[in-house]
Amino acid sequence: MSTNSTRLDARIPDGNLQDKWSNHKGSIKLVNPANKRKYKVIVVGTGLAGGAAAATLAELGYNVQSFCIQDSPRRAHSVAAQGGINAAKNYQNDGDSEYRLFYDTIKGGDYRAREANVYRLAQLSTSIIDQCVAAGVPFAREYGGTLANRSFGGAQVSRTFYARGQTGQQLLLGAYSGLMRQVDAGRVELFSRREMLELVMVEGRARGIICRNLVTGEVEKYAADAVCIATGGYSTVFFLSTMAVNCNASAIWRCYKHGAMFGNPCFTQIHPTCLPQSGKDQSKLTLMSESLRNDGRVWVPKTKGDKRPPQDIPESERDYYLERKYPAFGNLAPRDIASRAAKEVCDAGYGVGPTGYSVYLDFGEAVDRLGEKTIRERYGNLFSMYHEITDEDPYRQPMRIYPAPHYTMGGLWVDYNLMTTVPGLYALGEANFSDHGANRLGASALMQGLADGYFVLPTTISDYLAEHRPDGLTADDAAFDASMKQVSDRTQRLLSVNGKKTVREYHWQLGRILWEEVGMARHDKGLKSAISDIQSLRQDFWNDVQIGGQGEEFNKNLEFAGRVADFLELGELMARDALERKESCGGHFRTEYQTDDGEALRNDEDFCHVAAWEYQGEDAVPARHTESLDFENVKLSQRSYK
Amino acid sequence: MKFTLNVWRQEGPTASGRFEDYQVTDIAPEMSFLEMLDALNEQLVQQGKRAVEFDSDCREGICGTCGLVINGKAHGPKQACTTCELRMRHYSDGSTITVEPFRATGFPVIRDLVVDRSAFDRIIAAGGYISTNTGSAPDANAIPIAKAIAEKAMDSAACIGCGACVAACPNASASLFVGAKLNQLSLLPQGEAERGRRAVRMVEQMDAEGFGNCSNHGECEAACPKEISIKVISRMRRDALRASFGRL
Ligand SMILES: Cc1cc2nc3c(=O)[nH]c(=O)nc-3n(C[C@H](O)[C@H](O)[C@H](O)COP(=O)(O)OP(=O)(O)OC[C@H]3O[C@@H](n4cnc5c(N)ncnc54)[C@H](O)[C@@H]3O)c2cc1C
Ligand code: FES
């Protein structure tokens, strides 16, 4: 049932790891500068990946059309990233290097990412910082005027660049300003409040997209020479996640249905430091930056069900379980490990708070050591955010946190050029599966999004475009009308169900199933039941959902309904992927496969590969292909943070 | 908790709008204002009625998508707080709350509480950037920038582009928004080369979009969820004026 597919040619260049990217750049086919303006490139998404790519492609001379769901490209979900962005600048002289960043990322991903991609990422990381500073990103600085760094997300060197707690916002505004400069120059045409709902294929190549205009509800068609998907991650499939409410999988799901394989769909990241769930009315979960773990200590009472307020529990009756289990990394253990540890103590009955599903993150010791003023300087905005949401003052009592879905390492399978298995269709940023393996390290998603957008895609795309000259195809081609009809038919189908349950209700139920069975701990039986539960929930959705309103008008509920319909299919694929990967690695923890002391037990013999799923039709089981991962530069070892 | 909501409903840009009353019950104090509206919409959809349209995305105060005028105040009563961050515990149980869109000539209503803020994008396109092509940058530490300057630039760069400044201003001026961007870029050495041209073009575009003039009411600063100082406006004026005389 799994095949090591010849169709999954990652096209990794020859040569030493260090030389692959420069060799590759030297051998890529180029498009004559005078001809570039004859090409049209569609970029869907205006986050770090899409915004940077659209701006850079336009600078190179291509004609670009840029699409996003929000009313402005500046609001893409990248804006919400708090902590920072990694780069191997070694400005702190603390032993960092391209190799070390590469190694940390490969190890952090539990040896399930491609060496060549990750090394390229580490190499490009330094140019990203240069580019952002030139574009006016006000990174934090030292008194001497040089850039400041901090250590983040479990790294043992200080390589994270940041702009207060708003790094994502500042990087995005940098990319956005570059994009608007190209709009000004007439080389980018901007389409906001558009949702891509179909990919248009002509003669086996990606040649355009169909969008719904979210203001008028009209269905629109756009033709191009290549299509780039930078639509972000899909952890909103869990309903409650740290992602923005409009994040969705619809664009990549459409591509999947047209033959773009889906890589490692079950690899999701559950972030350890989020505000705990409170009730059914909650719309999303709030992330508390991981930087808090630099000074906060995580603990639960040593006695089950201890209901005393935290300040009444003496030191000797507290279990600082991360420090106990992982003395070397302590509270800074990687995300997957910290999250699972929290779940374990709560499942065992030691959790705190009204639901018993949260743990303390305590700054008491840090306040004593550093003074409240220092803590306020470091985390003031996070503390006030926490205070506002919970009505509890974290300077007086410990925060309560619990893990929440946060990031998806899975996504469209791409080769070294970022091309999917569909010719002319590219995927970048969180939308692809590429660089983080089974677990992403903190501050490396921003790095990957910008590496893909500023440097990789604009270089590699010419290899394809040079071979596929503009042929005069326009959106008048019959293929576009056929795709438009599919989109309108689907909208009609959704609206005509006219049942009794709301979209939100279905999304919530799907989220429960995934959280329980395809969340932090997974096992054979649970995954099988998740698959059948999702199937029946999907059936129920198409029989009983109530949306209201019309297709040809502004209708947010309809937008959400379409996204949830896709999530109801994607959720099943996630469960299938998790079921077939009979090992534990990174964020994918199968309870059947663990070491004696409860750590993830990889099976390199049988699963040192990427699983890429190929759509086989409406109710057919998708085909699982594999791309084996060859490690020539690092030795596979059991990850240890003890 | 329960509330009576007095909500602005408007079918489309050209339709005339009206207020409608709704009751919501079972609202928990820790719910956000938008979660409360979610609850209202669940209720409306179940009754087969059209949901109240409103914009939001990040729901944590950083994307600038949300924005409502609540009881006459842009983003509600709390300082330095966006609509999505506002919690219901700030309202007394049983009270009546009026909810309107951000109104301004430059922000036409699309539907209900959703407005069109694309004018802001066009203002940024008129020079709100530093002209640098990808790949051409020198090493990031090549030009030192004093910490205090970087911090000031960051204060201005914190703008989320929500438009509360416009909604709060009696003249519906966008000066705080424009001033913030100009201030950020002109403080940084990288932005110096285009400083004058940028100021002139962005101010011209702001006027062309139908935003009013600033007459120093200061309502913008009070409404700004990111507490951007009104000082950025005087700097904007100075730069635009000096540049128009060719002195910048
Ligand atoms: C709360 C939070 C904090 C984070 N903090 C950090 C951090 O400190 N460091 C770090 O490295 N990473 C962080 N991450 C992860 C990181 O922010 C994201 O992985 C990254 O920004 C994704 O960028 P992107 O460009 O791929 O996609 P996004 O920024 O998500 O952009 C997606 C774009 O696609 C558009 N789009 C989506 N679907 C469609 C469609 N169907 N049609 C048209 N357009 C569509 C959207 O409108 C948007 O413009 C954080 C994530 C979260 C949730
Ligand atoms: S929804 Fe993003 S700021 Fe309110």
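How much area is buried between chain B and chain A? In this predicted model, the two chains bury about 6,000 Å² between them, and carbon and sulfur atoms give 48% of that area. The size of an interface is often given as the accessible area lost when the parts come together. Counted by residues, the contact takes 71 from chain A and 71 from chain B.

On the side of chain B that touches chain A, the elements that give two or more residues are the helices α1 (33-46), α2 (118-125), α3 (147-157) and α5 (175-187), together with the strands β6 (109-111) and β7 (114-115). Of these, α3(B) gives the most, with seven residues. Sorted by class, this side of chain B has 33 nonpolar, 17 polar and 21 charged residues.

Chain B itself comes next. Chain B has eight helices and seven strands, and its C-alpha trace spans about 60 × 35 × 35 Å along the principal axes. Of its 248 residues, 60% are buried. Among contacts in chain B between residues at least 6 apart in sequence, 68% join residues at least 24 apart. One backbone detail is found at Asp26(B), which has a positive phi of about 55° although it is not a glycine. Asp26(B) sits in the loop between β2 (18-24) and α1 of chain B. Its relative accessible area is 69%, so Asp26(B) counts as exposed.

Leu418(A) belongs to the loop between β17 (411-412) and β18 (425-427) of chain A. Is Leu418(A) buried or exposed? Its relative accessibility is 1%, and therefore Leu418(A) counts as buried.

Helix α1 of chain A, residues 20-27, shows how burial can be arranged around an axis. Lys20(A), Trp21(A) and His24(A) are buried in this helix. Because they cover an arc of only 90° around the axis, they lie on the same side of α1(A). The cover over the buried residues of α1(A) includes α5 (115-134) and α12 (445-465) of chain A.

Salt bridges are the next topic. Side chains of opposite charge can pair when their charged atoms come close. Over all chains, the structure holds 74 salt bridges. In one of them the side chains of Arg114(A) and Glu627(A) meet at 2.8 Å, N to O. Arg114(A) lies in the loop between α4 (98-108) and α5 of chain A, while Glu627(A) lies in strand β22 (residues 623-628), so the pair ties together parts that are 513 residues apart in sequence. Both partners are below the 20% cut-off for burial: Arg114(A) is buried with a relative accessible area of 4%, and Glu627(A) is buried at 6% relative accessibility.

Another salt bridge in chain A links Arg400(A) with Glu392(A), whose closest N and O atoms are 3.8 Å apart. Arg400(A) and Glu392(A) are also buried. Beyond such pairs, a network of salt bridges links Asp110(A), Arg112(A), Arg581(A), Glu583(A), Arg602(A) and Asp604(A).

The side chains of Arg563(A) and Glu559(A) meet at 3.1 Å, N to O. Both residues lie in α16, four residues apart, which is about one turn of the helix. An α-helix has 3.6 residues a turn, so residues three or four places apart point the same way. Arg563(A) and Glu559(A) are both buried.

Glu572(A) is also found in α16, which runs over residues 556-580. Which residues does Glu572(A) touch, not counting residues up to four places away in sequence? They are Ile531(A), Ile534(A), Gln535(A) and Arg538(A). Glu572(A) has a relative accessible area of 10%, so this residue is buried.

Methods
Residues numbered from 1 in each chain as written. Chains lettered and ligands numbered in written order. Predicted model: local features only at pLDDT ≥ 70, side-chain atom pairs only at ≥ 80, totals over all residues. Heavy atoms only, no water. Buried < 20%, exposed > 50% of the residue type's maximum accessible area, 1.4 Å probe, protein only. Contact = heavy atoms within 4.5 Å. Buried area = accessible area lost by both parts, 1.4 Å probe. Nonpolar A, V, L, I, M, F, W, Y, C, P; charged D, E, K, R; others polar. Arc of directions from axis to C-beta. Salt bridge = Lys/Arg side-chain N within 4 Å of Asp/Glu carboxyl O.
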